[in-house]
Amino acid sequence: MNSRLQAYYQEKASHFETELKITTSKIRLSGWFRLLTFVFIFIPLIFWGWHGWFTVAPMLFFLVLFAAAVKRNISLEQQKRKLQALELIVKNELLALDHQFSHFDNGADFLDPSHFNSYDLDLFGEGSVFQFINRTSTQSGRQKLADWLRNPFLQKEEIEQRQSAIKELSELTDWRMEFLASGKLFSENAASSQEIRQWSKEQIDLKNPSRLQILINILTFITVASLAAAMAGMTKLPLVLAMIVQWGVLYSYRKKVSQFYIMFGRKSELLEKYTQLLELIETNQFKAPFLSNLRKKANKPEKASIILRQLRKRVNQLEYRNNIVISLVLNSLLVWDVRCVVRLWDWHRRNRKKLVAWLDVIAETDALLSLANLANNHPEYNYPEIHEGGYTLQASQLGHPLITEKKRVSNDFNINGWGKVIIVTGANMAGKSTFLRTAGVNLLLGQTGAPVCALKLVFTPVKIYTNMRTTDSLLKDESYFFAELKRIKTVLDKLESGERIMVILDEMLKGTNSVDKLNGSMELIRRLLHLKAVAIIATHDLKISEMENEYPQMVFNKCFEIKLDNDEMQFDYLLKDGVTQTMNATFLMKKMGII
């Protein structure tokens with residue numbers, strides 16, 4: 001565990017706990033003040049009855065105080081929620097430093113056995129790579145991070161730009177926590193996030209909006225003037241007639257109001273969340289070019305947070321209709337719901353096409369922060385060097401990030417040039433499959449721009465195709481063997497089309513007999529070599545290792561050895577040159593009393 005970072009998080013946890021107690025106390029006092037001001041609103045009317053402005057003036061005074069108290073209380077509640085979010089964040093990170101990460105979102109909904117590597121490499125699901133690194137606070141950021149893991153970048157410049165961005169963000173621990181806490185203030189779901197994105201594609205019709213705005217202004221002026229006259233003791237008939245006309249207009253636009261409420265309603269909190277996140281991006285002077293470009297997208301031509309806050313305000317005003325009393329007053333005096341429709345239509349007309357770009361800025365930043373948090377929590381990780389030209393993979397002390405540092409065994413490993421196959425042999429549980437996943441996971445992390453679990457890694461970014469956990473399908477009437485063949489055929493087709501691919505295979509052709517398995521496996525290796533693939537293949541079949549003699553400098557044998565000593569097995573999980581000399585299937589069966 002990183003003691004420096006642990007001390008930092010513990011100090012923050014103590015600070016947020018203290019601030020939370022202070023804020024809770026303020027909320028309690030604010031609640032009593034709000035109650036008193038509410039009671040005093042009615043005191044003038046109760047004590048000396050209705051005397052026009054002599055009664056109304058003090059009532060309005062206490063009403064203003066009550067409104068201020070409500071606003072203050074809302075602000076304190078928001079502050080409390082943010083402090084609670086910050087406190088939870090640091091406590092979760094303290095657990096993460098101790099390699100406990102089961103409390104984080106595991107991305108199980110991204111599980112896809114048909115994907116060309118994510119299922120085999122445990123990218124999603126319980127105990128997955130996604131669960132290990134994911135700290136996103138928005139649905140779009142969560143989706144972005146999953147997309148990067150499933151389809152990481154292949155261009156050197158693109159990867160290096162993200163490396164620079166992640167390095168800078170990893171040093172902004174306080175800013176990252178502020179961003180994450182702001183994102184946690186409102187828990188969105190995929191549906192609401194997608195609805196807001198859909199706004200940019202929809203064009204809303206509103207007939208004669210200019211005339212409607214003039215009508216609203218005239219009606220409001222007449223109604224307010226009639227109200228003032230009525231309060232001055234004049235006839236109330238004009239006020240009654242004006243209100244009837246207002247409700248008539250509202251009735252005629254009821255379908256349009258409902259349409260706008262279905263589209264925009266119940267989104268004000270989510271919009272406030274996005275606004276705060278954009279403000280954090282806009283106000284930070286980033287140095288990394290990738291981050292600076294994101295900031296520019298949020299700032300030009302105007303600050304996105306300002307424009308989005310206008311929308312949030314207008315959506316919030318439309319949501320007043322959920323309060324019967326407020327809705328009755330506002331719609332009787334200001335044609336409120338129709339007024340909100342005109343304002344929302346005008347905002348949407350002017351800004352809808354900019355919306356997706358702003359949301360993408362939030363998503364990119366949110367996803368980058370997860371990778372930056374990984375870098376910050378694991379200073380022993382290193383950023384890989386990206387190589388262009390001929391294929392290379394040079395790894396020093398490469399380990400699996402999901403294995404704790406105390407238990408992790410790291411290995412050196414090299415591949416140079418296209419058309420190379422590494423054959424890995426070893427007994428059961430000796431470490432073959434873990435090594436394959438170690439290589440695959442670190443290469444994918446490196447292609448996202450993140451640091452990797454290695455002392456040093458130099459590699460050429462290419463797509464990685466795996467075949468380690470092929471499943472059969474009763475629904476498709478597919479056998480395990482046929483499903484495996486389909487997957488291998490896909491890889492070969494990609495290679496035939498000219499794609500550069502790294503192939504990772506664990507025990508080829510498991511679904512057929514041993515003779516066919518050996519012959520088929522050897523022919524597949526020959527095909528991979530012919531198509532200039534780079535492959536790492538784990539197998540129990542030692543005959544396959546003889547291909548090193550057939551293809552010197554193209555096929556290389558590596559192995560994991562075990563020791564059988566005094567009826568016990570000893571594993572060192574160290575990758576060695578050559579072919580394994582020890583197998584343990586019979587040994588294990590005897591030990592377990594099976595034979």
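**Overall shape and local features of a predicted protein chain**

The protein chain exposes about 29,200 Å², and carbon and sulfur atoms supply 57% of that area; such accessible areas come from the Shrake-Rupley method with a 1.4 Å probe, and for residues only the protein chains shown count as cover. The structure is a predicted model, in which local features need pLDDT of at least 70, side-chain atom pairs count only at pLDDT 80 or more, and totals for chains, interfaces and linings use all residues. Residues are numbered from 1 along each chain as its sequence is written, and side-chain values use heavy atoms, with hydrogens and water left out.

The C-alpha trace spans about 110 × 50 × 50 Å along the principal axes of the chain. The radius of gyration is 32 Å, while a compact globule of 595 residues would have one near 25 Å; the radius is taken over C-alpha atoms, and the globule rule is 2.2 Å times the number of residues to the power 0.38. Of the 595 residues, 51% count as buried, where buried means under 20% relative accessible area, exposed means over 50%, and partly exposed lies in between (1.4 Å probe, protein chains only). Among contacts with a separation of 6 or more, 76% come from residues 24 or more positions apart; a contact means heavy atoms within 4.5 Å.

The chain has 21 helices and ten strands. Helices (H or I, at least four residues) and strands (E, at least two) are DSSP runs, numbered from the N terminus. Leaving aside residues up to four places away in sequence, Leu-270 touches Phe-186, Glu-188, Ser-192, Ser-193 and Ile-196. The C-alpha atoms of Leu-270 and Arg-312 are separated by 8.6 Å, although these residues are 42 residues apart along the chain.

Most residues other than glycine have a negative phi. Arg-266, however, has a positive phi of about 65°, and Val-335 has a positive phi near 45°. Arg-266 is found in the loop between helix H11 (254–264) and helix H12 (268–282), and Val-335 in the loop between helix H15 (324–333) and helix H16 (336–377). Arg-266 is exposed at 57% relative accessible area, whereas Val-335 is buried at 1% relative accessibility.

Turning to the strands, four of them form an open sheet with mixed pairing in the order E1-E5-E2-E3. Its edge strands are E1 (385–386) and E3 (411–416), each pairing on one side only; two strands pair if DSSP finds at least two bridges between them. Strand E2 (residues 392–398) runs antiparallel to E3, joined by five bridges, and Leu-393 has Ile-415 in E3 as its bridge partner.

Strand E8 (residues 534–539) is largely enclosed by the rest of the structure, because six of its six residues are buried. In a regular strand the side chains alternate between the two faces of the sheet. Both faces of E8 are covered, with Val-534, Ile-536 and Ala-538 buried on one side and Ala-535, Ile-537 and Thr-539 buried on the other. Strand E4 (residues 420–426) runs parallel to E8 and is joined to it by six bridges, while strand E7 (residues 501–506) pairs with E8 in the parallel sense over five bridges. Val-534 in E8 stands opposite Lys-420 and also opposite Met-502.
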